[in-house]
Amino acid sequence: MSTIPTEKTVLVFQGGGALGAYQAGAYEALHEAGIRPDWLAGISIGSINSAIIAGSPVNRRIENLRTFWHRVSSGLSGHFLGNGDVMRKWFNESSAFLGSLTGVPGFFKPRAFTPWNIPGDPMAAISLYDTAPLAETLAELVDFDLINSGAIRLSLGAVDVVSGNFNYFDNNECAFSAKHVAASGALPPGFAPVQIDGRYYWDGGIVSNTPLQRILSGSELESDLCIFQVDLFSARGQLPKDLFDVQAREKEIRYSSRTRLNTDQFRKLQGIRMAAKRLMEKLPDELKDDPDAQVLEKIGNDCAVTLVHLIYRHAAYESQSKDYEFSRLSVEEHWKAGHDDVVETLNHPDWQNRTRPRNGIRVFDLAEQRQRRSKP
């Protein structure tokens, strides 16, 4: 493992439903390599993974992640019959359809099974599923006292339903409960908004499906960072061949991270911040109290960011249902893919020989090379 003593380690987890097992596998490999996060930021399923990690003792983090993903995949734990991508695609579509009808164990259940509750519950009237099972799962697997101790910083994104404003719940600023995690994952119309302090919140992915901008904002940048950004949707893809492909590709574009855009903007802004800091060091004392100089002093810093981009790249047999297809077979495949991508990254010579970035930021996307080699 290549480490730089000045860095803090940040994990950034995108939303993506069932694909979140990829993040759990990625974290397992990071954990095995001795990498411990100082800060976790998540959206939707990324918030659930983040809360389980931050809310578990170090020696139980992997165990609790496995418990969650084993539970949600227990609805269809068998294997499919047949060979080839066509048969596997039918298996996946059947699994997704079954989950939409019966729900996902430990996560959500359809309200259609309890229609007598709908007239008296305004939230039931605007959602298809009840997430009470998720609340029970979080109560079992997440120690919110540990989260609120601040041992690890936790930031979860959600959207205010009434104002439309994007909001981050942060354990540096408020006390966390299961509601904060559920709010970040309340994707409509499947799930109802979650009420917190008189406001109602939906899934943060409606506005932005990655918390990277939160991490890279100037107000948050106080030290060198090594960010592992674990994405579940790829911005890059192929021209669709049919309407099913169209739905899948549209979802990928809508929920993908604009990593290149974000990092290019950060590189420019950080260049300005670094220049401001250098300029302040050169100013004579009589000019340092000038109002313009004080503005430069506030924005100036010379922090360096290393960004490791890990992204799930879907298999040929996966379609637009991949984010709500919770079969045990798919969950285990996604978990392994995340684990393997991190192992590939940490063993790569470019990672092993890395140094502190000189120009504000350096981006690694090393697992993509293994993925290209694995394709026929």
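How many helices and strands does the protein chain have? In this predicted model, the protein chain has 14 helices and eleven strands.

**View 1. The whole protein chain and its overall dimensions.** The radius of gyration of the protein chain is 22 Å, close to the 21 Å that the globule rule gives for 376 residues, so the chain is as compact as a globular protein of that length. Taken along the principal axes, the box filled by the C-alpha atoms is roughly 75 × 55 × 40 Å. Of the 376 residues, 52% count as buried, and among the contacts with a separation of 6 or more, 74% are accounted for by residues 24 or more positions apart.

**View 2. The packing of helix α1 against helix α2.** Helix α1, residues 21-32, and helix α2, residues 45-54, have axes that come within 9 Å and cross at roughly 35°, and the crossing in which α1 passes α2 is right-handed. On the α1 side the contact is made by Gln23, Ala24 and Tyr27, while α2 contributes Ile45, Gly46, Asn49 and Ile53.

**View 3. The covering of helix α2.** Helix α2 is mostly covered, with ten of its ten residues buried. The buried residues include Ile45, Gly46, Asn49 and Ile53, which also take part in the contact with α1. Ser47, Ile48, Ser50, Ala51, Ile52 and Ala54 of α2 are likewise buried.

**View 4. Strand β10 and its two covered faces.** Seven of the seven residues of strand β10, residues 305-311, are buried, so this strand is largely enclosed by the rest of the structure. Both of its faces are covered, with Val305, Leu307, His309 and Ile311 buried on one side and Thr306, Val308 and Leu310 buried on the other.

**View 5. The pairing of β10 with strands β9 and β11.** Strand β9, residues 224-231, runs parallel to β10 and is joined to it by seven bridges; within this pairing, Val230 has Leu310 of β10 as its bridge partner. Strand β11, residues 361-364, also pairs with β10 in the parallel sense, over four bridges, and here the bridge partner of Thr306 is Arg362 in β11.

Key:
Residues are numbered from 1 along each chain as its sequence is written. This is a predicted model: local features need pLDDT of at least 70, side-chain atom pairs count only at pLDDT 80 or more; totals for chains, interfaces and linings use all residues. Side-chain values use heavy atoms; hydrogens and water are left out. Axes are lines fitted to C-alpha atoms, for helices over the stretch in contact, and angles run from 0 to 180 degrees between N-to-C directions. A crossing is left-handed if the near helix is turned anticlockwise from the far one by less than a right angle, and right-handed if clockwise. Contact means heavy atoms within 4.5 Å. Buried means under 20% relative accessible area, exposed over 50%, partly exposed in between (1.4 Å probe, protein chains only). Two strands pair if DSSP finds at least two bridges between them. The radius of gyration is taken over C-alpha atoms; the globule rule is 2.2 Å times the number of residues to the power 0.38.
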